[in-house]
Amino acid sequence: MKNLQFNHQNLLLSFVLGVIALVINLYPVPFFANVQFILGNSLTVIVAILCGPWYALITSLLASTGLMLIWDSYHVFVIFSLEAVFLGFCRRRDIYALYGSFIFWAIIGMPLFYLMANIFFDLPAEHLSFVTLKQAINSLIYTSLASLLILMLPKLWFFETKIKDKQRRTLSKQMAYFITLMITLSLLFSALYFNFISLNKQQSLIKKNQQETVFHLSSAGEQYINMHTKVIKNAAQFFTLVNNTSADQQPLLSNLHNNYPGFISMLITDDKAKMIAASPITRFKDINSSNHLSVKDRDYFIEAFYNQKTFISSVFVGRGFGNDAIIAISAPYFNKDTPLQPAGVIEGSLDLKYFSAIDYDFNKHNNQSVILTDEANNIIYASDELNLKVMSPFKYSIHNGYYVTDLQLMNLQSTQSNIPEYIYATRELNNGWKIYVIEPFSPLLKLAERQMLSSFIILLSALLISFFISNRISQLLTVTLEMVANHFEKLNQHDLNTQVFDDNSPKEVYSLYQRLVTSKQELILHQLALEETVALRTLELEKANTKLQELVDKDPLTNLYNRRFAEHKFNEIREFCLRSEQAITVAILDLDFFKAINDSYGHLAGDECLRQVSELLSQHFKRDIDILARYGGEEFILILPMTNALNIEHHLNEFRVKLASTKINSPNAAKQFNVTVSIGAITANANYHAQLDKWIKIADDNLYQAKAQGRNRVHVSIINPQSEP
Ligand SMILES: Nc1nc2c(ncn2[C@@H]2O[C@H](COP(=O)(O)OP(=O)(O)OP(=O)(O)O)[C@@H](O)[C@H]2O)c(=O)[nH]1
């Protein structure tokens, strides 16, 4: 945290992606019931991977704002912010996002979400685990999507520059993750797709089944009412035709009632609304004795008698004949001679318990329940398990929109609750009644939960298996590649033919290995050839250098050293002789009357003379340490280290004599001539003087004397250190 410095580009990226995530999260993808998938959070994961935990936190807060707006719950800020920061840190620890997501939801996400859902959500306890699992799966979906997006666009340079703490991953790790990701995603989507299909199928089956039931029940109900209405109608016609007396009507009515037990009771009135026959007869007798024979005020009498029509009443509690909920069906009958004025009314009270028989027949194999209401929305019949009171108004609330499903949902017990209780289908009967077929919603929700749980378990095991398999696959390639690399790192010429792979290694890697061996062989040969060429070139260069040095140091005519070299070498020689306290002789040799030789024999003869004198010098002063140099014109300088002072004059004289007796050949006319030399020299200890000039001065003076005394002679000064001027 202490180094928390925000980079402007990262900040902008996390903000922009956050706003996009907010908008995407406002439109979650509906799946089933209240299950929705949120995809905007994948942008949070992208920021966590690319920019790290604190930028991801910014994106997550924005993305969660979108979710808060649609879910109206603040828990999203806590859970998704934690997830974003966790994934950001996973990236820093080099843990892939999908693995990180699994770890997060297994250890923190699911327990925390469950706890918060328990406190803040209006959900039944058994539904919480489902919602929690759904959230974890959703998270895996958007994390996989984000990872895939990043893997698909590896050259997205704009993002590349922003990756903090980026570490180079091994090929094997990358391959394993890619394969795991692909397997997880495809399994995830196929599991969700099949869940979706199966839930849809289940829903349409329920819908179809309910609609069929409601249709059959309503048809049966209509038939039941129609049939009994027809019975009353026919009975009224019969009584009109036969014109019976009231005494005849009682047995006829009893007989009719026996044939149609769907009626609880039946009665016949005269034109004064007085009951003249009734069935069962025992009840009629009871009424008779209590003097309650008039039905003047009853709708079934008024409607049938005065309006002269067949009438079906609403449901009501019967009077006199008992306290059952009944429906009265009535019709007027006439006398033959007064066809416009009814002679009375025949009525049948329909037994509503009949519906329980139909209900039982239809629903003994499933958990459907039935409710029948009249046109005033009062319950005529309701399956026992619903505990609804007959005759009471039918109260329920309908769910709209919150649960995404094609089914119609309603609540009967907790009409204010968000969780639907029943799936229903309804149909109106011909007479305005309504029939409802309902069944509990929770089994369907349970099915979705079970599917979600099994998807999660399949996913988890698939992830583990695919992780294991992909690791093995990638190792097959990368381990052998690593072997090739290791082998070539240590490889030398002698190991080239050693076999490092067995027959099981991949063909491509083996072929790569063989090609590398060939290249390495070529490289070694090339290197050897190169080394040989370099050695040759070095030798030639050394020779050229020596030659060049000779050119610099030597006099081209005589091949003796030149004056510069002699002067330079003097210091070296002196240093050497100083250490061993040796004497040095510096001699200047000047050929006598050389001008005359040039004049007499020509310049070329002069040159030849200089060459032959030089040769003679080389032969005479043959120690390696002696420096023989042409001093200029016909003058030579000799620097002779470690000279014997007693012997030097003699040695110089020897040369002088040898030269004087040597015939010099002239190149032109094959003439020979002699030449002599005058020598001035100094022999002194090395410490005589550091400057060569001082030595030359003495030698020059001696030379001058030799010339002056007639030439062809040697003058040597032997100086000991004490006599230094
Ligand atoms: N052929 C030839 N002549 C040279 C060369 N260098 C110098 N000379 C000649 O050598 C001659 C030297 O002459 P001088 O200095 O008068 O000396 P000398 O004739 O030897 O007389 P003394 O030294 O007094 O005996 C000159 O004529 C130069 O031209 C050379 O490289 N080749």
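1. Let's start at the ligand. The residues of the shell around it divide into five nonpolar, four polar and seven charged. Here Ala, Val, Leu, Ile, Met, Phe, Trp, Tyr, Cys and Pro count as nonpolar, Asp, Glu, Lys and Arg as charged, and the others, Gly among them, as polar. Of the 16 residues around the ligand, the ones that come nearest are D592, F594, K595, G606 and G633. A residue is near a molecule if its C-beta atom, placed from the backbone, lies within 6 Å of it. Two or more shell residues each come from β14, α16 (594–601) and α17 (603–620).

2. A word on what you're looking at. This is a predicted model, where local features need pLDDT of at least 70, side-chain atom pairs count only at pLDDT 80 or more, and totals for chains, interfaces and linings use all residues. Numbering starts from 1 along each chain as its sequence is written.

3. Now the overall picture. The protein has 19 helices and 20 strands; these are DSSP runs numbered from the N terminus, with helices being H or I of at least four residues and strands E of at least two. Of the 725 residues, 35% count as buried. Buried means that 20 or more other C-beta atoms lie within 10 Å of the residue's own, exposed means 12 or fewer, and partly exposed is in between, with C-beta atoms placed from the backbone. Among contacts between residues at least 6 apart in sequence, 66% join residues at least 24 apart. A contact needs C-beta atoms, placed from the backbone, within 7 Å.

4. Have a look at the open sheet. Its five strands run in the order β15-β16-β14-β19-β20, with mixed pairing. The edge strands, β15 (627–632) and β20 (714–719), each pair on one side only. From one strand to the next, the twist averages 15°. Strands pair if DSSP finds at least two bridges between them; β14 (583–591) and β16 (635–641) have seven, in the antiparallel sense. In that pair, D590 has E635 of β16 as its bridge partner.

5. Helix α19 (692–708) packs on it, touching β14, β19 (677–685) and β20, and its direction makes about 145° with that of β19. Axes are lines fitted to C-alpha atoms, for helices over the stretch in contact, and angles run from 0 to 180 degrees between N-to-C directions.

6. On to the other helices. An unreviewed UniProt entry lists six stretches as "transmembrane region", among them 45–63 and 175–196; positions follow the numbering used here, feature names are shortened, and annotations may be inferred rather than shown by experiment. Residues 175–196 are 100% helix, with end C-alpha atoms 31 Å apart. For 45–63, the span is 95% helix and the ends lie 11 Å apart.

7. Most residues other than glycine have a negative phi, and most peptide bonds are trans. D72, in the loop between α3 (53–71) and α4 (75–92), has a positive phi of about 55°. D72 is exposed, with 8 other C-beta atoms within 10 Å. E581 has a positive phi too, near 50°, and is exposed with 10 such atoms within 10 Å. S279 and P280 are joined by a cis peptide bond, with omega about 0°.

Key
Two residues are in contact if their C-beta atoms, placed from the backbone, lie within 7 Å.
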